[in-house]
Amino acid sequence: MVMWEMKEIRELKIGRYVNIDESPCKIISISMSKPGKHGSAKAAIEATDIFTGAKKSINGPVSTKVQVPQIDRRKGQIISIQGEEIQIMDLETFETFSIGINSDHECVIAEGAEVMYIVAMGRSKLL
């Protein structure tokens, strides 16, 4: 299963995702400079890790290829709550798994409730 694809920095946009240090990050700002007399245009990207919330950045020529992760948004139903973890059943594949409750989730945590979650680079997070 392919978890990412390669794209040039010039193709990225705010709100999309990029891998920085092997972590999927959401792009919060992009600034590009014009090409100069002795070089190509440069870009500076600031992003936040979608799992830890850490701020990360990359700088480089706009023709540099970077990894863009494949982000899957899925819907699941909470089967049980066990402390700081919940057991979810995916509503498409009926696969069950445990996931940690992150502090920035927006869904209602209750047994039987439907929740949205994302899967990226083999990791999952509640939305």
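This briefing describes the strands and nonpolar cores of the structure above. The model is predicted. Its largest nonpolar core has 14 residues, and a second, separate core has 10 residues. Four strands form an open antiparallel sheet in the order 2-3-4-5, while strand 6 pairs with strand 1 in the antiparallel sense.

**Open sheet**
- Within the sheet ordered 2-3-4-5, strand 2 and strand 5 (residues 55-61) stand at the edges; each has a single partner strand, so one side of each lacks a neighbour in the sheet.
- From one strand to the next, the twist averages 45°.
- Strand 4 and strand 5 run antiparallel and are joined by seven bridges; Glu 46 has Ser 57 in strand 5 as its bridge partner.

**Strands 1 and 6**
- Five bridges link strand 1 (residues 4-8) to strand 6, and Gln 67 in strand 6 is the bridge partner of Met 6.
- Strand 6 (residues 65-69) is largely enclosed by the rest of the structure, because four of its five residues are buried.

**Nonpolar cores**
- In the largest core, the residues with the most contacts inside it are Leu 12, Val 18, Ile 20, Ile 45, Ile 58 and Val 66.
- At least two residues of this core come from each of strand 2 (17-20), strand 3 (23-32), strand 4 (42-49) and strand 6; strand 4 supplies the largest share, three residues.
- Leaving aside residues up to four places away in sequence, Val 66 touches Glu 5, Met 6, Lys 7, Ile 9, Leu 12, Val 18 and Ile 58.
- The second core includes Ile 78, Phe 97, Ile 99 and Val 119.

Terms used: Residues are numbered from 1 along each chain as its sequence is written. This is a predicted model: local features need pLDDT of at least 70, side-chain atom pairs count only at pLDDT 80 or more; totals for chains, interfaces and linings use all residues. Side-chain values use heavy atoms; hydrogens and water are left out. Buried means under 20% relative accessible area, exposed over 50%, partly exposed in between (1.4 Å probe, protein chains only). Two strands pair if DSSP finds at least two bridges between them. A nonpolar core is a set of buried Ala, Val, Leu, Ile, Met, Phe, Trp, Tyr and Cys residues joined through side-chain atoms within 4.5 Å. Contact means heavy atoms within 4.5 Å. Axes are lines fitted to C-alpha atoms, for helices over the stretch in contact, and angles run from 0 to 180 degrees between N-to-C directions.
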